[in-house]
Amino acid sequence: MIARRKLYRGNDLRRAQNIAELRAMAAARVPNFCFEYLEGGADDELTLRRNRSSYDAVTLLPRTLVDVSVRDLGCELFGSRIEMPMVIAPTGFNGLLSHEGDLMLAEAAREAGIPMCQSMVSTVELERLAATGVRHWMQIYPFKDRDNIAKIVKRAERAGSEAIVLTTDVALFGNREWDRRNYRAPMKLDAANLLHVAMSPRWVFDVLVPHGMPRFRNLGDFLPPGQDSARNAATFLSKQMDPSLNWGDVQWLRDLWPRKLIVKGILLPSDALRAREMGVDGIVVTNHGGRQLDGCPAPIEVLPQIREAVGSEMTVIVDSGLRRGSDFVKARALGADAAMSGRATLYGLAAGGKPGVRRALEILRSEIDRTLGLLGCPVLGEVGAELVCAPACCL
């Protein structure tokens, strides 16, 4: 009898063959409510699924009889080389996946020679992450209190951060129904999830014991005294989101911040052009990983039109849905300078802490390398639209 195919779900990270296997290992290690927060999308999760299926729909057109004995995965981003076309995306609450998870992501990114963008709602001080030597980008949310946002921006400047990334697609929170089903009241787990926490001892003795609930280390000026834990602060933070965010706020931030400014949340060529006109250095083409407005196009679908609109000089990064190294090659071919990925490295973090992040990056690097070789394109910089066949964009 032939054994059925089954993903490995144990503890040996060396046995993870791909990101999907790290995902299975993560699901076996962390409690259900943590995995659902990492995994889920908005409403019916149409956008979440489309993000993945759109990469699957892009086919590769390999050249033959090309010497690929030596391959170069690196590229330039804002004038400096990165070792593969990837940036670790900003993701919040990472201390719930592994103790000081943001620090582990930053250290692994530094070792891999790629930037990391830190979320404003991370659980490690931005100064500690910047001090690791990683190319540190700091993400900010559109909170109502602009004075306190300015304080975080100034902290990032003093810490040596390369870029500020303004996330513009969360003026209102998306409707993440499956995440909410884990709670009987705001941030109070229901009985089934409490039981699952008790059945997750590896997670408990990493995250909760002896450290206690993770705390938001960059939001002291926003939060009431003693309310900076992940348990207490989530409701307060949701009320801080500012639905009045507009292009005037981008100009305010441009005037405040002297280094690279990136706007994350672009899906329309007209918005990309507006950002360029306002002196923004780069954009992230994204639908927030399918966690905000359900029914959006996948970023990879609109990427070619956005690149055509802004030209070759502006830095364009794409995110949402990348799970294979070949996805990063496809993104380059369709016009991106690099791609951000959040969940891929978070699966590694949830599966095994810093070694898990390292394993995720090793997997992606080996897949990018192999894809270039099999594509007959030994230099990443030579990848172009002629090497892919993409369905017509929905717009």
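A pocket is an open set of grid points with protein on both sides within 12 Å along at least five of seven lines, and its lining residues have an atom within 4 Å of a point. In the predicted model described here, the largest pocket is lined by 47 residues. Those that lie nearest its centre are Tyr 37, Phe 93, Arg 176, Asp 179 and Arg 291. The space in the largest pocket amounts to about 1,200 Å³.

Several secondary-structure elements contribute to this lining. At least two residues each come from the helices α2 (32-39), α7 (177-180), α10 (230-240) and α15 (343-375), and likewise from the strands β8 (183-185) and β13 (338-341). By residue class, the lining of the largest pocket holds 24 nonpolar residues, 15 polar residues and eight charged residues.

The cysteines were examined next. A disulfide is a covalent bond between the sulfur atoms of two cysteines. The cut-off applied to a pair of cysteine sulfur atoms is 2.5 Å, and by this rule the model has zero disulfides. Cys 117 illustrates the result: the nearest cysteine sulfur belongs to Cys 75 and is 17 Å away. Because 17 Å is not within 2.5 Å, Cys 117 is in no disulfide. Cys 117 has a relative accessible area of 1% and is therefore buried, the limit for that class being under 20%. Cys 34 has a relative accessibility of 3%, so this residue also counts as buried.

Some features of the backbone were also recorded. The peptide bond that joins Val 209 and Pro 210 is cis, with an omega of about 5 degrees. Pro 210 is located in the loop between α9 (201-208) and α10.

Positive phi values occur at two residues that are not glycine, Leu 65 and Ser 320. For Leu 65, phi is about 55 degrees, and the residue sits in the loop between β1 (59-60) and β2 (75-77). For Ser 320, phi is near 90 degrees, and the residue belongs to the loop between β12 (315-318) and α14 (325-333).

Which of the two classes, buried or exposed, applies to Leu 65, and which to Ser 320? Leu 65 has a relative accessibility of 85%, which is why it counts as exposed, as that class begins over 50%. Ser 320 has a relative accessible area of 7% and so is buried.

Note on methods. Residues are numbered from 1 along each chain as its sequence is written. This is a predicted model: local features need pLDDT of at least 70, side-chain atom pairs count only at pLDDT 80 or more; totals for chains, interfaces and linings use all residues. Side-chain values use heavy atoms; hydrogens and water are left out. On a 1 Å grid over the protein atoms alone, a cavity is a set of points where a 1.4 Å probe fits but cannot get out, and a pocket is an open set with protein on both sides within 12 Å along at least five of seven lines; lining residues have an atom within 4 Å of a point. Grid points are joined across faces, edges and corners, and a volume is the space filled by probe spheres set on the points. Helices (H or I, at least four residues) and strands (E, at least two) are DSSP runs, numbered from the N terminus. Ala, Val, Leu, Ile, Met, Phe, Trp, Tyr, Cys and Pro count as nonpolar, Asp, Glu, Lys and Arg as charged, and the others, Gly among them, as polar. Buried means under 20% relative accessible area, exposed over 50%, partly exposed in between (1.4 Å probe, protein chains only).
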